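Dear colleague,

Please find below the structure that I am handing over to you, followed by an account of what was found in it.

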Amino acid sequence: MSTFLITGGAGFIGTNFCRYVVEKYPNDLFICYDALTYAGSLKGLVDIEQKPNFIFVRGNICDKKKLNKVFQKYKIDIVINFAAETHVDRSIQSSEIFLETNVKGTHTLLEISRIYKIKRFHQISTDEVYGDLRTGETPFTENSILRPSNPYAATKASADMLIMSYARTYNLPCSISRCSNNYGPYQNSEKFIPMIICNASNNKAIPIYGDGLNIRNWIYVLDHCTAIDLIVRQGMPGNIYNISSDEEIANYDLSKLILKQLEKDDSLLISVCDRLGHDYRYAIDSSKIKQEFNWNPQYSLAIGLQKTIEWYKRNLK
């Protein structure tokens, strides 16, 4: 039996991960630790909150005293850090909280993990640490140079470098995964795909930055969760893994695809002033995780979108 500390476990990806592992591993104990900011919610955890292998603790990853109590009480073996400020627009408007949570918070977790000599520290990072690409350029690998374009991505890159320094200096068993854009149930409505679904369902205008030709790679959140699970349980410390579905699509085309499934007109799409420093294209090579663990995404974009739209339809207020 192992005891996992899942920080940020009430956020979008953390919620889906908690639901996945609590059901899959009844003999392990999962401590969900979350500050419950605007992006966190217990609604997605209702189905598992009474499970004997699940415990929720409200707390901030910058709170060293609170974390110390949690590590002492539950004898933490493995830390998986989902906790982060993630919305690029918010980081452009005000970056201080991103530095506080994504850098200082990660450092606090690393220090506690080092003191208690945990078995594994796994960081949930992002493909945005690599910066962007032009059309036709080769996708980034785990060895690509980090050149983040916005404050959010810069704080995630900083956290990654801190983690690898702890692995080298203190021999802390660490790993990092960098994933492409996630979508699926329980995502905050400020994010792109939920925003389109919610606005379109209410016949509201859907803002598209610039010409809408910026390209993203999308992965269904459950596919991301299965990849994290494999890395933490089977991957060797010191490794970085890219996780992606290899399905790229421009923002405008994705919007039209969702509107088509919702049987809504494209006239809802409106062009707005482009985001500052807007990355053109994200693409990462995930062949490493595929080769090492025989992992492959199980949900195509078409199927994943259908499941996501159905979920939001059931849960829209």
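The protein exposes about 14,200 Å², of which carbon and sulfur atoms supply 50%. Please bear in mind that this is a predicted model. Of its 317 residues, 56% count as buried. The secondary structure comes to ten helices and twelve strands. The radius of gyration is 19 Å, close to the 20 Å given by the globule rule for 317 residues, so the protein is as compact as a globular protein of that length. Its C-alpha trace spans about 55 × 45 × 40 Å along the principal axes. Among contacts with a separation of 6 or more, 82% are between residues 24 or more positions apart.

Aromatic residues

The structure holds 13 aromatic pairs. One of them is formed by Phe71 and Tyr116, whose rings are 5.4 Å apart centre to centre, with 40° between the planes, and the pair is tilted. This pair links distant parts of the chain: Phe71 belongs to helix 2 (residues 64-74), whereas Tyr116 is in the loop between helix 4 (96-115) and strand 5 (120-126), and the two are 45 residues apart. Phe71 has a relative accessible area of 1%, which is under 20%, so this residue is buried. Tyr116, at 27% relative accessibility, counts as partly exposed.

A second pair to note is that of Phe192 and Trp218, which is stacked, with 6.4 Å centre to centre and 20° between the planes. Here too, distant parts of the chain are linked: Phe192 is in helix 6 (residues 192-201) and Trp218 in strand 9 (residues 215-220), 26 residues apart. Trp218 is buried, with a relative accessible area of 6%. Phe192 and Trp218 also belong to one aromatic cluster, together with Tyr183, Tyr220 and Tyr299.

Two charged side chains sit over aromatic rings. The charged end of Arg233 is placed over the ring of Tyr25, at 3.4 Å from its centre. Lys288 lies over the face of Tyr241, and the distance to the ring centre is 4.7 Å.

Backbone

Most residues other than glycine have a negative phi. Lys75, although not a glycine, has a positive phi of about 55°. This lysine lies in the loop between helix 2 and strand 4 (78-81). Lys75 has 59% relative accessibility, which is over 50%, so this residue counts as exposed. Asn294 likewise has a positive phi, near 55°, and is a residue other than glycine. The loop that holds Asn294 runs between helix 9 (287-293) and helix 10 (301-315). At 65% relative accessibility, Asn294 counts as exposed.

Is Arg120 buried or exposed? Arg120 has a relative accessible area of 6%, which is under 20%, and is therefore buried. Arg120 is placed in strand 5. Leaving aside residues up to four places away in sequence, Arg120 touches Asp77, Ile78, Val79, Pro173, Cys174, Ser175, Ile231, Val232, Gly235, Met236 and Pro237. With Gly235 there is a specific approach: the side chain of Arg120 reaches the backbone oxygen of that glycine at 2.4 Å. Ser255, by contrast, is 135 residues from Arg120 in sequence and 39 Å from it in space, C-alpha to C-alpha.

With kind regards

How values were computed:
Residues numbered from 1 in each chain as written. Predicted model: local features only at pLDDT ≥ 70, side-chain atom pairs only at ≥ 80, totals over all residues. Heavy atoms only, no water. Phe/Tyr/Trp six-rings, centres within 6.5 Å; stacked < 30°, edge-to-face > 60°. Helix = DSSP H or I, 4+ residues; strand = E, 2+ residues; numbered from the N terminus. Buried < 20%, exposed > 50% of the residue type's maximum accessible area, 1.4 Å probe, protein only. Lys NZ or Arg CZ within 6 Å of the ring centre and 35° of its normal. Contact = heavy atoms within 4.5 Å. Polar contact = N/O pair within 3.5 Å; in protein donor to acceptor, adjacent residues only side chain to side chain. Rg over C-alpha atoms; globule rule 2.2 N^0.38 Å. Areas by Shrake-Rupley, 256 points an atom, 1.4 Å probe, with all protein chains shown as cover.
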